[in-house]
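I am opening my notebook on a new protein model today. Come along and look things up with me.

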Amino acid sequence: MINFEKELEAVQRTLENLTSTQKQIAVYYGTGVPTKQWTPVADRLIDTYDVTPTQAARIQAVLHGAINDTMIVVWDLKYRWNVARPNQYDQEMETILCTPRFPTYPSGHAAMSGCAEVILSYYFPTEKMKLERIAEEDAASRLFAGVHFPSDNSEGLELGRSIGHQIVKNLIREQDHDMREIDQQYRGNFDADIFAIDYQQFIPFDFSSDCTSLIKSEPKKLFKNVNVPKPLIKKLR
């Protein structure tokens, strides 16, 4: 049983004590479609490990197919349980980003990240710790933004990882017509550069400034190292 009174207090406390870095993290992961932070990660891993075009296509197809399956499960659960957002419990709450207008539990960002972490770790096992860091940071970003409860994110991560592990079990069994394993794992450690510099966006995104919820007014300097689209900066000021 989730104690939403304590969960709400955690969100309120987080918003009151955010660091500038945490605000950058919230904006970095929260402006745009959830997958836009993971596609460049996969691309950099593919380039770093000199993956062949055929295997690269396989990895991308598996990754995005797995994410698609995860999001179907997430949205089924969101509307099955229909849990209110933090700002629906505290209607004076001002968040860092606009609160989405659909149920909160579980977090789509967290679930997608948990699944992506597991899938990419299957192909690139030596990069597992860095992939885990990105997944957990993406999940935490939704709390920093004030749009999710802590349980949305922790349970979302667990859900996504569970789906990812189930998919990997099936991948391991797949063989071609010569009874050879289809997938190749890249076990060398080339220490791929998969982190964004100062939380600058890999992929520019014209994020909509339309918002019907309360958001904090923040000085532009908080986002000086983040490639935030101009409409969003205007809305946040």
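**Entry 1: ground rules.** I am working with a predicted model, where local features need pLDDT of at least 70, side-chain atom pairs count only at pLDDT 80 or more, and totals for chains, interfaces and linings use all residues. Residues are numbered from 1 along each chain as its sequence is written, and side-chain values use heavy atoms, with hydrogens and water left out.

Entry 2: I started with empty space. Rolling a probe the size of a water molecule over the atoms shows where such space is left. On a 1 Å grid over the protein atoms alone, a pocket is an open set of points where a 1.4 Å probe fits, with protein on both sides within 12 Å along at least five of seven lines, whereas a cavity is a set from which the probe cannot get out. Grid points are joined across faces, edges and corners, and a volume is the space filled by probe spheres set on the points. I found about 350 Å³ for the largest pocket. Its lining has 20 residues (those with an atom within 4 Å of a point), and G30, C98, P100, R142 and F207 lie nearest the centre. The elements giving two or more residues to this lining are α4 (53-81) and α6 (108-123); helices are DSSP runs of H or I with at least four residues, numbered from the N terminus. I sorted the lining into 10 nonpolar, 7 polar and 3 charged residues. Here Ala, Val, Leu, Ile, Met, Phe, Trp, Tyr, Cys and Pro count as nonpolar, Asp, Glu, Lys and Arg as charged, and the others, Gly among them, as polar.

**Entry 3: the second largest pocket.** This one has a volume of about 190 Å³. I counted 14 lining residues, with R85, Q88, P100, R101 and F102 closest to the centre. The classes are 5 nonpolar, 7 polar and 2 charged.

**Entry 4: α7 and its partners.** How do α6 and α7 cross? Their axes (lines fitted to C-alpha atoms over the stretch in contact) come within 8 Å and cross at roughly 175°, on a scale from 0 to 180 degrees between N-to-C directions. The two are therefore roughly antiparallel, the word for angles over 145 degrees. Their contact (heavy atoms within 4.5 Å) includes E117 of α6 and R142 of α7. I noted 6 nonpolar, 4 polar and 5 charged residues there.

Helix α3 (residues 38-48) packs on α7 (residues 128-144) at about 175°, with axes 12 Å apart. W38, V41 and L45 of α3 meet L131, I134, A135 and D138 of α7. By class, that contact has 6 nonpolar, no polar and 1 charged residues.

**Entry 5: the disulfide.** A disulfide is a covalent bond between the sulfur atoms of two cysteines. With a cut-off of 2.5 Å between the sulfur atoms, I count 1 disulfide. C98 is joined to C211, S to S 2.3 Å. C98 sits in the loop between α5 (86-89) and α6 and C211 in the loop between α8 (150-173) and α9 (230-236), so the pair ties together parts 113 residues apart in sequence. The S-S torsion is about 100°, so the disulfide is right-handed.

**Entry 6: backbone details.** The peptide bond from Y105 to P106 is cis, with omega near -5°, and P106 is in the loop between α5 and α6. M179 has a positive phi, near 65°, and is not a glycine; M179 is in the loop between α8 and α9.

Key
Angles under 35 degrees count as roughly parallel, over 145 as roughly antiparallel, 65 to 115 as roughly perpendicular and the rest as oblique.
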